[in-house]
Amino acid sequence: MNAITSAEHSRLTAPTTFLDYETDAVQAFVDHAVTDRGADKRRLAVELYYAVRDDVFYEVYGADLSPEGLRASRTATTRKGFCLHKSALYAAACRAVGIPARLHYGDVRNHLASDRLRAHIGGDVFFHGLNTVHLDGRWVKATPVFNKILCRLYGMTPLEFDGTADSVHHPFDEQGNKSMEFLTDHGDFDDVPYEFVMSTMRAKHPRFLDGSGTGTVRGGSLTAEAQA
């Protein structure tokens with residue numbers, strides 16, 4: 001068990017600069033996602049997981065990586081982004097209903113990336129964002145990132161989450177081939193560590209960033225690449 005103190009609970013359920021759940025946008029997202037805010041915390045975490053996973057379109061191209069662009073309220077409004085955006089929204093939504101939540105980062109090898117995306121990324125190793133949430137007295141990992149439709153296009157089984165076991169990555173695709181594997185674990189953060197995130201993106205994926213350095217390259221979509 002990984003019990004937390006009341007002070008830790010208060011800190012990890014508070015709004016932050018990026019986990020700005022007191023905004024109308026995040027509150028509306030939560031209201032739409034959950035059936036009853038007074039429900040069991042595990043049930044709420046699961047309902048929010050599927051809302052972020054499937055109702056926020058996963059797209060890596062033309063993504064806003066400015067401080068404003070990575071705030072949960074922006075993603076709740078635009079309903080699109082990739083792991084860095086979706087993990088911030090999930091953490092904020094969980095905190096909005098009293099679930100302690102953190103951001104978690106790592107480097108993963110993605111065997112299913114398209115040739116075009118590999119060219120922008122500089123290989124098949126990606127900086128990746130997910131979450132840890134505190135449920136039933138312990139921390140569990142959750143990755144509400146790859147929406148169901150995109151997974152099916154790429155031949156992956158969508159990641160499920162029941163609030164009791166870690167939901168981390170797709171180890172194999174539907175044919176049993178390697179899909180994703182974790183290489184480096186950067187740990188947990190109470191809020192989006194913006195300078196760390198952006199310095200890592202600049203160092204690892206410079207060709208993925210646009211000319212401003214606060215967004216990703218534009219043109220096309222992962223869905224179109226999967227259907228090509």
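Modeller: Let us begin with a term: a residue counts as buried under 20% relative accessible area, as exposed over 50%, and as partly exposed in between. Asp-188 has a relative accessible area of 32%, and therefore it is partly exposed. Please keep in mind that this is a predicted model.

Colleague: Okay, and which residue forms a salt bridge with Asp-188?

Modeller: Asp-188 forms a salt bridge with Arg-102, and the closest N and O atoms of the two are 2.9 Å apart. Asp-188 belongs to strand 6 (residues 180–189) and Arg-102 to strand 3 (residues 101–110), so this pair ties together parts that are 86 residues apart in sequence.

Colleague: Is Arg-102 buried or exposed?

Modeller: Arg-102 counts as buried, because its relative accessibility is 16%, which is under the 20% cut-off.

Colleague: What does Lys-204 meet in a salt bridge?

Modeller: The side chain of Lys-204 meets that of Asp-107, at 3.3 Å from N to O. This pair also links distant parts of the chain, with Lys-204 in helix 8 (residues 194–204) and Asp-107 in strand 3, 97 residues apart. As for accessibility, Lys-204 is partly exposed with a relative accessible area of 38%, whereas Asp-107 is buried at 4%.

Colleague: How many salt bridges are there in the whole structure?

Modeller: A search of the whole structure finds 15 salt bridges. Another pair is Asp-31 and Arg-37, whose side chains meet at 2.9 Å from N to O; here Asp-31 is partly exposed at 48% relative accessibility, and Arg-37 is partly exposed too, with a relative accessible area of 30%.

Colleague: Which residues are linked in a network of salt bridges?

Modeller: That network links Asp-64, Glu-68, Arg-71 and Arg-74.

Colleague: Changing topic, what volume does the largest pocket have?

Modeller: The largest pocket has a volume of about 210 Å³. Its lining is made up of 13 residues, and those that lie nearest its centre are Gly-62, Ala-63, Asp-64, Thr-78 and Lys-80. The elements that give two or more residues to this lining are helix 4 (72–78) and strand 2 (80–81), and helix 4 provides the largest share, with 3 residues.

Colleague: And how many of the lining residues are nonpolar, polar and charged?

Modeller: By class, the lining of the largest pocket has 2 nonpolar, 6 polar and 5 charged residues.

Terms used
Residues numbered from 1 in each chain as written. Predicted model: local features only at pLDDT ≥ 70, side-chain atom pairs only at ≥ 80, totals over all residues. Heavy atoms only, no water. 1 Å grid on protein atoms, 1.4 Å probe; cavity = no way out; pocket = protein on both sides within 12 Å on 5 of 7 lines; lining within 4 Å. Points joined across faces, edges and corners; volume = space filled by probe spheres on them. Helix = DSSP H or I, 4+ residues; strand = E, 2+ residues; numbered from the N terminus. Nonpolar A, V, L, I, M, F, W, Y, C, P; charged D, E, K, R; others polar. Salt bridge = Lys/Arg side-chain N within 4 Å of Asp/Glu carboxyl O. Buried < 20%, exposed > 50% of the residue type's maximum accessible area, 1.4 Å probe, protein only.
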